[in-house]
Amino acid sequence: MNVLIIGNGGREHAIGWKIKKDNPDAKLYFSTGNGGTAKIGKNINFGTIEELADFSEKKQMDLTIVGSEALLVDGIVNVFQEKGLRILGPDKKSAQLEGSKEFAKKFMSKYGVKTAKYKTFNNYTDANNYAQNQKYPLVIKADGLAAGKGVFICKDEFEAEKALDEILNKQIFGSAGNHVVIEEYLVGFEASILSIYNGNEIIPFISAKDHKKIGNGELGLNTGGMGVVSPNPFFKDKHWEAFNKDILQPTLEGLKAENMNFSGIIFFGLMITQDGVYLLEYNMRMGDPETQAILPLLENNILDVFNDAIDNKPIYLNWQNKHSVCVVLASGGYPLNYDSGFEIKGLQKATCLYFIAGAFLNNNILYTSGGRVLNVVGIGNSLEEARKIAYQNIEKIHFDYNYYRTDIGEI
């Protein structure tokens with residue numbers, strides 16, 4: 001079986017690892033991949049949807065999995081399906097649930113998905129006048145895709161004014177900032193729920209907890225994620241019940257009502273407050289680094305799951321009764337400026353899973369190329385055991401100026 005995985009991070013390495021684990025004979029291609037994917041498949045470098053579709057046609061790909069939100073928003077699924085190629089993911093319309101925060105919030109509001117109160121604006125004056133009279137903290141989001149950097153949590157009206165000026169006037173996110181969403185700030189704890197949609201029902205994965213801030217204790221700048229635990233130790237049965245009632249089922253009803261009949265992943269970013277479970281956002285692809293923590297616990301053959309979704313078949317997921325802790329090893333200075341090109345040493349000493357996020361392979365040696373460099377994953381019978389394994393192994397790995405949080409998985 002030939003499989004194309006589009007993306008270049010730890011998520012794509014983890015998906016490829018799971019496919020090879022379940023299907024040793026599968027032939028994997030990654031666009032563009034990284035130093036880790038190069039060891040389990042072949043990296044290719046095609047930038048446009050048309051080039052990727054032509055390659056898939058020529059190589060007779062049995063399945064394509066998309067990790068790029070931009071390509072989904074640009075309609076890669078539509079193009080592949082028009083050519084009769086099997087691809088997992090939302091079509092162009094459905095991808096707007098991730099591609100446009102305004103579109104997503106309107107969808108949530110229309111179908112009764114529990115979410116924070118909000119308003120949208122397309123000009124600075126109206127947005128700022130509204131923001132000046134709100135309760136703080138206040139959340140301001142650029143509408144479009146902004147590489148995970150388009151969200152501002154403002155503690156007062158001065159920070160709100162600055163954020164709106166940067167988004168709407170200075171256009172620091174380009175066209176992604178033509179509109180803004182201003183919403184109330186919710187207090188609670190976050191949870192990540194990945195799921196798969198087969199066109200008929202949404203089947204949730206086990207829960208996870210992401211750690212977004214660069215510093216211990218959830219302090220400092222936002223990042224793409226510095227670590228994940230799964231299952232989420234704070235997400236209890238009562239939260240699952242509320243999620244199903246207030247978020248999953250209304251989402252499913254909305255998808256069917258809007259004729260969003262795709263087969264793919266739906267990522268629910270949740271905030272759990274004293275007033276219940278709220279939806280912060282949809283992502284329409286596997287999470288990163290959630291995927292790296294969750295997939296090692298999945299007992300199903302992942303290709304069967306993906307193909308059953310595309311074929312609109314029922315899906316039943318089975319999970320190991322274990323815990324995983326994923327710790328991200330990053331470049332010093334991330335998420336701001338950092339140097340790269342440093343040799344990664346000690347990987348041969350690791351006795352647990354690890355996935356490459358930002359490194360390239362040269363003469364069989366890995367060198368850093370990104371802010372988040374690799375993900376070290378401990379699996380254990382308890383959260384404490386998994387955490388111990390992850391940190392024992394991350395201490396064996398080194399590159400110049402490396403950095404990681406030391407509190408991932410602490411209760």
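What percentage of the 411 residues in the chain is buried? Buried residues, those under 20% relative accessible area with a 1.4 Å probe and protein chains only as cover, make up 57% of the chain. The model is predicted: local features need pLDDT of at least 70, side-chain atom pairs count only at pLDDT 80 or more, and totals for chains, interfaces and linings use all residues. Residues are numbered from 1 along each chain as its sequence is written, and side-chain values use heavy atoms, without hydrogens and water.

**View 1. The stacked pair Phe360 and Tyr367.** The whole structure holds 18 aromatic pairs (Phe, Tyr or six-membered Trp rings with centres within 6.5 Å; planes under 30 degrees apart are stacked, over 60 edge-to-face, the rest tilted).

**View 2. The tilted pair Tyr391 and Tyr404.** The ring centres lie 6.1 Å apart, with 45° between the planes. Tyr391 belongs to helix H12 (residues 383-394) and Tyr404 to the segment after strand S22 (402-403), 13 residues apart. Helices (H or I, at least four residues) and strands (E, at least two) are DSSP runs numbered from the N terminus. Tyr391 is buried, at 10% relative accessible area.

**View 3. An aromatic cluster.** Phe107, Tyr111, Phe235, Trp240, Phe243, Phe268 and Tyr282 together form one cluster.

**View 4. Lys114 over the face of Tyr278.** Lys114 lies 4.9 Å from the ring centre; the criterion is NZ of Lys or CZ of Arg within 6 Å of the centre and within 35 degrees of the ring normal.

Terms used: Buried means under 20% relative accessible area, exposed over 50%, partly exposed in between (1.4 Å probe, protein chains only).
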